[in-house]
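Here's a quick briefing for anyone meeting this structure for the first time. Have a look at the model, then read on.

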Amino acid sequence: MDWINMRWDRGHQNHQGAAGEHFTFDCSGAKITDRSTIDIGIDVVKKISEAYPPPYNLMVSGGVDSQAMLYIWRMARVPFNAVSFKYNRTYNHHDLITLSAFANELKLKIDYRDFNVFSFLSTKLPEYAEKYQCTSPQICTYMAMGEEIQNGTLIYGGNFLFPKACSLSYTMLGLWRYTQQTKRNIIPFFFQHDAELSVSLIPIWKKLCSEKTNINANSSYLADVISYEDKIKLYHLAEIPVIPQLKKYSGFELIKDYYDARPNTITGVERAKYSTKSSKRDFDI
């Protein structure tokens, strides 16, 4: 991600800024070309294999971005391990169904491992959240799971970038800060690792928008939100045969249900404090 300029107001790139400082995420160095996403991705895989030590451990779930990363690595013919963690054996089973189906299509073996997510959330989450300035329990969980793989290089999928719809927030960049501070061999966001790959779906997105009715072909691709259905279309138009889920899953759906069902998880004071937030669920509070 060296092509992205990340800095605080004073120009420094420390992991945490001073009070009142703003953080800038400048991806103006992105390069839109007419090359295919697969061809660009294959080149990026080969560059990673030349710069980072093997084995290459791809951290995957059942989401379409994980599937796309698996497909590109398979096309690149660089050996890799596909690793997926099960939350307390069954709590993200619904998310992994499509991973199993996709792996069968590609004749890939997935290394499934178990992770005690409830133990992590109840004991270590605050430490990770503060140290890496990351308010997402999911992303902090990704960090902790990755620590169970100490050899070679860890590679997380991430997402593509779009104008006005940047998929990286300061919270999500907690995984990047984790990489910087631990100095481990980690690619925190595969699809944003390269200036050309990160925006390789934009030409396809512009074409898709121009084909829709009642949409201005010159400006519609600047939409703030890209729907899950459109994302599937983009991958398929890019000739990446991802298998869509029934809906976009985070893998934490049943974990949220678990906390909702537990009495006295949240105090009345805490609930009142965050009453203006969009979600009233115990886990989110």
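**An exposed lysine, and what surrounds the story**

Let's start with Lys-107, which is exposed, with a relative accessible area of 71% (exposed means over 50%, buried under 20% and partly exposed in between, using a 1.4 Å probe and protein chains only). A word on ground rules: this is a predicted model, where local features need pLDDT of at least 70, side-chain atom pairs count only at pLDDT 80 or more, and totals for chains, interfaces and linings use all residues. Residues are numbered from 1 along each chain as its sequence is written, and side-chain values use heavy atoms, leaving out hydrogens and water.

- Most residues other than glycine have a negative phi, and most peptide bonds are trans.
- Lys-107 has a positive phi, near 55°, and is not a glycine.
- You'll find Lys-107 in the loop between α3 (93-106) and β5 (110-115); helices here are DSSP runs of H or I with at least four residues, strands are runs of E with at least two, and both are numbered from the N terminus.
- Asn-264 is another non-glycine with a positive phi, about 60°.
- Asn-264 sits in the loop between α10 (253-260) and α11 (268-273), and counts as exposed at 76% relative accessibility.
- Between Pro-54 and Pro-55 the peptide bond is cis, with omega near -5°.
- Pro-55 belongs to the loop between α1 (37-51) and β3 (56-59).

**The whole chain**

- The protein chain has 11 helices and 7 strands.
- Its radius of gyration, taken over C-alpha atoms, is 19 Å, which agrees with the value near 19 Å for a compact globule of 285 residues (the rule is 2.2 Å times the number of residues to the power 0.38).
- Along the principal axes, the C-alpha atoms fill a box of roughly 55 × 45 × 40 Å.
- Of the 285 residues, 46% count as buried.
- Among contacts (heavy atoms within 4.5 Å) with a separation of 6 or more, 72% come from residues 24 or more positions apart.

**Where two helices cross**

- Helix α8 (residues 202-210) and helix α9 (residues 228-237) have axes that come within 10 Å and cross at roughly 115°; axes are lines fitted to C-alpha atoms over the stretch in contact, with angles from 0 to 180 degrees between N-to-C directions.
- On the α8 side, the contact is made by Ile-204, Trp-205 and Leu-208, and on the α9 side by Asp-230, Lys-233, Leu-234 and Leu-237.
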